[in-house]
Amino acid sequence: MALKRDKAAPPTGGIRRAALYLSIVFALLLIASCALNIYARGQTDIFRMVEYGKSLQNNRILVSSDLNMVFLGTYHNTVLAFDANEKQVWSSDIGGAIEAMRYDPQRQWLIIGSQNRNVYIFDAASGENIATYPVNGKVYDLDYHQETGRLLVSANVNASSHTLYILDIETGEPLMTAKLKQVARNARFSKDYNHIFYGDARGRVIKMDLNGETVASAKATTEVRAVAVVHKTGDVMVLDTLGNLFRFDEDLNQLYTLKLVGEGRAVGVSDDGRWVAVGTREGDIYILNERGEVQFTDRHSYDVTQIYFGEDVSYAVTLSPELFEFSTKKLDNINTMSLLSTVTLWTSLGLIVLLASSLIMTFPRSRAKGRRFFEALYHHRVAYLMLLPSIALILIFNYYNVFQAFYYAFTDWSQATRTMREINFIGFDNFVKIFNEGYFLLGVKNLLIMMAASFLKLLTVPLLLAELVFAMRTGSGESSRRRYWFRLLLVMPMVVPGVVSTLMWKNIYDPNIGALNTLLDTVGLGSWKHSWLGNPDTALGAIICMGFPWVNSFAFLVYYGGLINIPADLFEAARVDGSTPVWNFFHIHLPLISPQLKMLIITTFIGSVQDYGGVYLLTQGGPGTATYVPGLELYYAATKFGLYGYACAMGLIMFVVILIGSLINLRMKTQELN
Amino acid sequence: MTERSLRADRMHTRRKVRQISFQSGITFVTVIFVLLAFIPIFLMLFLSLKNQSQFYANLWAIPNPPQWKNYDAAWNQLIRNMLNSVATVSVGTLLIVSLSAMSGYVFARLEFPLKNFLFMLMLALMMVPGVLTLTPSFKLIQRLGLKNTWWALWLPWASGGQVMGMYLCRTFISGQPASLFESARIDGATEFKAFFYIAIPLAKPILATLVVMNMISLYGDFIWPLLVIESNTRQVISVAIQTYSSSTGMTDYGAMIAGFVMATVPLLIMFMFSSRLYIEGITSGAVKA
């Protein structure tokens, strides 16, 4: 120690000055790096929420560049028109949610398709309703070809009836009608306007000519949600509800496919074909380049209903008051900028560390302290390095989840929650619900019975067997061989996997061909036969009796290990005092294997509080609720019912129970030590 | 022969007789238990050779002729999943055992700042029930994009399994003579060398115990794979055997049970190689609270 302190003796002025200069350099670099980071983040932060159009749920947007106006179609049956100053010019209430909008720049017509089975034509500048064309079905999509004045309408009657129309825009007369047996949410003209592409609910992508004849087809994975045509190349982008994006060429040959996380909702293609954007129900927006490489992702709070690429400004519409605008120009160097932002972030962090250490070096006192810290760290580096993987894993895969569960236990997170931001804090509601309704409490009674049974099973048969094998006389070679074989034979059944032995017992309990009922028949006790797992009176008992005679190999070995590790002189001394085997058992065996006993009791306790595997495989909690346990209710809540917050709350209660049990166990141990 | 020695002799004989009858008594009871414990296994082997009509005719009749084709059916259905299980479980176990050995050694042999804190940080996880974190773990796997890959099994398995393993290794390695490590250090061995060449070879029994314990528990885990593995080509046997049993359960009991037997074989093979060390490890006294 003394030597070390000598080494850390007052630093010479040279070092201090050098450290000071270094600190200044690092500080300047840090400022530069932070500034660069802020700039890069600004460049990657491409979505800007706009101030207008704060209607409840926006659904569609359209920009007219000649009039310099923006039109919003909402889910609440209104069309809103805004001028260049973001001021509302007109609005109109039509009797249904707006699903599609098109624009005819020549006539300055705004064409609107609504769920109330009408196509409306408005004068875009004034908002005057020029014409209304009724169609047979809710309008899901429109496409428009200006030169010929042909309007493609996708109209849905019901889940098994759907119609595609081509209407003359002047008269509203149908030029073509194609009846489909599947919902085709989107239908678009091909690049040359001689064909129609649509995708249906069965995952088929169809190319149809203007007479309604299918020309080509392809497959998506599941229900097609959105279709878009790349007008530069004529390719077709198809998005299905599983988030699979496909790019087909004009003849529907697949060019690429990729899987995006989330439920696909909208797909948009920029006019120059350089950008493809995908929106999901979860609120994610993915922007891809021509080759289908994801360049940028951003997460919003609500489902994305449309991504509109305009000439100057582009928009992302979410089913909410939140409407975002973005510019494709920023997308050009988004890759570089996001790289830059990551690099500068890490550089800044590195520089902070460097700056801190050089500052520490500058001042003699902190220098000594810092040195001791690093020396300690360095001195024990082997320990920390060897622990690093373990600690990193438990932090990511255990502690993170534990804290998440603690948090979610107080929220209404469920399957119905679409995005993380919709999760609400609801206080103790989940816990109130657990105690007021649901099967959790119902299961507690069964759990207590099963737990008592498993303690009984743990404390009887394995301990008895350990005593029996231990009592086999040692000394001569014969008996130690006997011990060896019995030990091996008693451990051997362990190799049958838990799932297999449970399923095997299910088979033994089978009412028709089960070994148990057949055995009862054979020995003439046919009247005792039962549908063991199907009868509410016997189901719980049958689950408890599973695994008879409950030779728990692990517990047996642990007990046995405890017994053979008892020092032999203790028995010697007891024998001199004239002890009996029963006295030996209670006064030597039990106290000396109590650490083993305690370990087995606590692991059995922890295991049985949360156990539901056996019940799940054998009866699924039934018949009725005869074998329900809390763990099963949790599992169902998390998987079947999708009530994640509720499931976490139940887990939290189990955690508290286990914690109390473990603490009692710990306390018993400390008392003993005292 | 004097009367006294005669009496002593008789007493000796009587004690010997009593001893022998006591020994045969406990042997008999143990044999009964062993037989009972093996009943489901015998039943499994026996029933796996029957066809449907042999099942219904007389369950206890010797299957004549034995239906070896049951195993054909099971093999075709399950071999893929068995190989998956072998691959996932061996990697998972390897991870658990190596992490446990390292951290157990560190906590048993080394002194360093924050040691107790880190030790408690790991140990406290024993009290966290797996079901508490079921939902968040699933979401985490989904967000990391690991769903339907084997990483979704390996990483959480390794993370959760190492806690108990670390504790057992620590207890076992603490019991190794400290002088060994001191003399190694004096001879200039680094910490890593001491770990690899002294601690590990001496800790073989407990490591074997960990291998067997974890293999059995990972091999039997069916809740987690059921959640995170979707495609059947990657699914493990414990999940596949359920689907298999419910698909064959109504029509072909023999094939179903042949599947059970097959699912047992990998663990049996593993057990044949490690049973001696496993038993040695558990009975060494390290397994206690």
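Two strands count as paired if DSSP finds at least two bridges between them. Keep that in mind for the first stop. The model is predicted.

**Stop 1: a strand pair in chain A**

Select residues 150–158 of chain A, strand E11, and residues 161–168 of chain A, strand E12. The two run antiparallel, and 8 bridges join them. Now pick Leu152(A). Its opposite number in E12(A) is Ile166(A).

**Stop 2**

**Stop 2: a helix crossing between chains**

Select helix H6 of chain A, residues 381–408, together with helix H6 of chain B, residues 151–174. Their axes come within 9 Å and cross at roughly 120°. An angle of 65 to 115 degrees would count as roughly perpendicular, and one over 145 as roughly antiparallel. H6(A) and H6(B) are therefore oblique to each other. Their crossing is left-handed.

Show side chains at the contact. On the H6(A) side, select Ser390(A), Leu393(A), Ile394(A), Phe397(A) and Asn398(A). They meet residues of H6(B), including Leu155(B), Pro156(B), Gln162(B) and Met166(B). Colour the contact of H6(A) with H6(B) by residue class: 7 residues are nonpolar, 5 are polar and none is charged.

Conventions: Residues are numbered from 1 along each chain as its sequence is written. Chains are lettered from A and ligands numbered from 1 in the order in which they are written. This is a predicted model: local features need pLDDT of at least 70, side-chain atom pairs count only at pLDDT 80 or more; totals for chains, interfaces and linings use all residues. Axes are lines fitted to C-alpha atoms, for helices over the stretch in contact, and angles run from 0 to 180 degrees between N-to-C directions. Helices (H or I, at least four residues) and strands (E, at least two) are DSSP runs, numbered from the N terminus. Angles under 35 degrees count as roughly parallel, over 145 as roughly antiparallel, 65 to 115 as roughly perpendicular and the rest as oblique. A crossing is left-handed if the near helix is turned anticlockwise from the far one by less than a right angle, and right-handed if clockwise. Two residues are in contact if their C-beta atoms, placed from the backbone, lie within 7 Å. Ala, Val, Leu, Ile, Met, Phe, Trp, Tyr, Cys and Pro count as nonpolar, Asp, Glu, Lys and Arg as charged, and the others, Gly among them, as polar.
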